[in-house]
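Hi,

Here is the structure I promised to pass on to you. Have a look at it first, and then read my notes below with the model open beside you.

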Amino acid sequence: MSNTGLLAYVCFLLAGCFCCSRAMPTKVSQKAVNDRPVIGILTQLVSDEAMKPFGRTYIPSSYVKYIESGGSRVMPIRLTLTTAEYEDIFRKINGLIFIGGAADLETSDFARVAKIFFKLAETANDAGDFFPIWGTCMGMQLLTVLVAGQNLLTKTTAENVAMPLNLTTEAGSSRMFEGFPSELMKALTHKPLTGNFHHYGVEVKNFQENENLQSFFSILSTNVAENGAHFVSTIEGKRYPFYGVQWHPEVNRFQWDSRLNFPHSRQAVQLSSLLAEFFSNEGRRSLHRFDNPEEEASSLIYNYTPVYAANFTGYEQLYFF
Ligand SMILES: *[C@@H]1O[C@H](CO)[C@@H](O)[C@H](O)[C@H]1NC(C)=O
Ligand SMILES: *[C@@H]1O[C@H](CO)[C@@H](O)[C@H](O)[C@H]1NC(C)=O
């Protein structure tokens with residue numbers, strides 16, 4: 001579109017607005033919506049030897065594409081900043097994802113930074129400043145450690161296996177699955193739509209016996225591990241917009257290594273799309289913003305180029321920082 005064309009379009013919109021506001025003098029109160037959400041992703045420390053030549057920290061592109069596919073933009077967040085710098089970032093982003101990986105959930109930089117954001121998000125939500133957090137795999141495990149105040153993980157190996165979910169009755173009235181087509185909800189309970197790549201998890205019994213976890217999160221699904229342990233696989237905050245999945249919704253559309261059991265069926269893809277859209281919609285409810293467009297532009301993932309990684313990792317592409 002040419003500049004003049006764009007200008008004409010903007011003018012037309014403004015004219016339309018003035019016209020409407022005159023025709024409807026009563027002010028309609030409605031929830032403010034932010035249609036340009038930015039979701040932060042904490043980087044992960046590189047531990048894989050093959051990845052070390054490229055950088056110290058990374059984010060798999062699959063998570064970035066997943067967030068972008070829901071209608072949000074991504075800001076990578078390094079693990080080396082000061083608390084003041086994280087507080088500043090918090091005022092600018094509209095949601096946060098704790099991704100999968102391998103880090104100590106109590107002593108690592110990842111855990112330290114996640115805790116800072118978690119506390120900020122709790123306080124903000126308490127004050128009516130909506131701020132969502134999503135944890136995937138290790139990210140969900142981390143959420144349970146932050147809420148429980150202790151590490152309740154035990155061996156619940158489900159490594160490289162796609163499974164259906166044993167949905168609880170709470171799933172039916174959850175925010176996460178609200179609006180899912182009933183055909184998909186049914187498929188979720190008997191088709192292997194969720195990719196699992198983990199050795200640890202929180203067993204249902206341990207979760208229910210922990211007062212903090214039990215009062216903070218609703219359990220939306222459980223699964224059975226290779227060793228027979230029943231583990232919690234999907235959670236949703238009762239009062240807070242905090243969500244966790246022990247499985248990996250992003251792989252369904254953005255990872256393809258044929259040695260790995262990534263679900264790619266029509267419904268697996270639909271599940272991944274709907275959850276990405278769900279979390280972006282949560283982000284739209286946050287009115288945090290950058291101080292100016294230049295600061296926003298320089299903070300986004302678009303400043304980085306992913307590296308082709310399918311010939312030395314199970315990922316297709318990785319961002320290094
Ligand atoms: C769902 O729960 C049943 C009963 O506990 C169990 O036999 C089954 O293996 C579980 N399904 C999955 C996918 O974990
Ligand atoms: C992977 O492929 C790229 C080219 O696409 C190549 O430059 C690189 O050396 C390869 N890495 C390995 C470990 O084979």
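Before the notes, one term you'll need: a crossing of two helices is called right-handed if the near helix is turned clockwise from the far one by less than a right angle, and left-handed if the turn is anticlockwise. Also keep in mind that this is a predicted model.

Let's start with a pair of helices where that term comes in. Two packed helices are described by the angle between their axes and the distance between the axes. For helix α3 (residues 83-90) and α4, the axes come within 10 Å and cross at roughly 50°. Angles from 65 to 115 degrees would count as roughly perpendicular and those under 35 as roughly parallel, so α3 and α4 are oblique to each other. Their crossing is right-handed. On the α3 side, the contact is made by Thr83, Tyr86, Glu87 and Phe90, and these meet Val113, Ile116, Phe117 and Leu120 of α4. Sorted by class, the contact of α3 with α4 has six nonpolar residues, one polar and one charged.

Now try a second pair: at what angle do helix α7 and helix α11 pack? The answer is about 110°, with the axes of α7 (residues 182-190) and α11 (residues 266-284) 10 Å apart. That makes α7 and α11 roughly perpendicular to each other. This time the crossing is left-handed. Leu184, Ala187 and Leu188 come from α7, and they meet Gln267, Gln270 and Leu271 in α11. The contact of α7 with α11 has four nonpolar residues, two polar and no charged ones.

On to the sheets. Strands of a sheet pair through backbone hydrogen bonds, either parallel or antiparallel. One open sheet here has eight strands, in the order β4-β1-β5-β6-β12-β11-β10-β8, and its pairing is mixed. Its edges are β4 (73-77) and β8 (166-167); each has a single partner strand, so one side of each is left without a neighbour in the sheet. Further in, β6 (residues 133-136) and β12 (residues 242-245) pair in the parallel sense over four bridges.

Last, the ligand. Around ligand 1 you'll find Met163, Pro164, Asn166, Asn223 and Val224. That shell divides into three nonpolar residues, two polar and no charged ones.

Definitions and conventions:
Residues are numbered from 1 along each chain as its sequence is written. Chains are lettered from A and ligands numbered from 1 in the order in which they are written. This is a predicted model: local features need pLDDT of at least 70, side-chain atom pairs count only at pLDDT 80 or more; totals for chains, interfaces and linings use all residues. A residue is near a molecule or strand if its C-beta atom, placed from the backbone, lies within 6 Å of it. Ala, Val, Leu, Ile, Met, Phe, Trp, Tyr, Cys and Pro count as nonpolar, Asp, Glu, Lys and Arg as charged, and the others, Gly among them, as polar. Axes are lines fitted to C-alpha atoms, for helices over the stretch in contact, and angles run from 0 to 180 degrees between N-to-C directions. Helices (H or I, at least four residues) and strands (E, at least two) are DSSP runs, numbered from the N terminus. Angles under 35 degrees count as roughly parallel, over 145 as roughly antiparallel, 65 to 115 as roughly perpendicular and the rest as oblique. Two residues are in contact if their C-beta atoms, placed from the backbone, lie within 7 Å. Two strands pair if DSSP finds at least two bridges between them.
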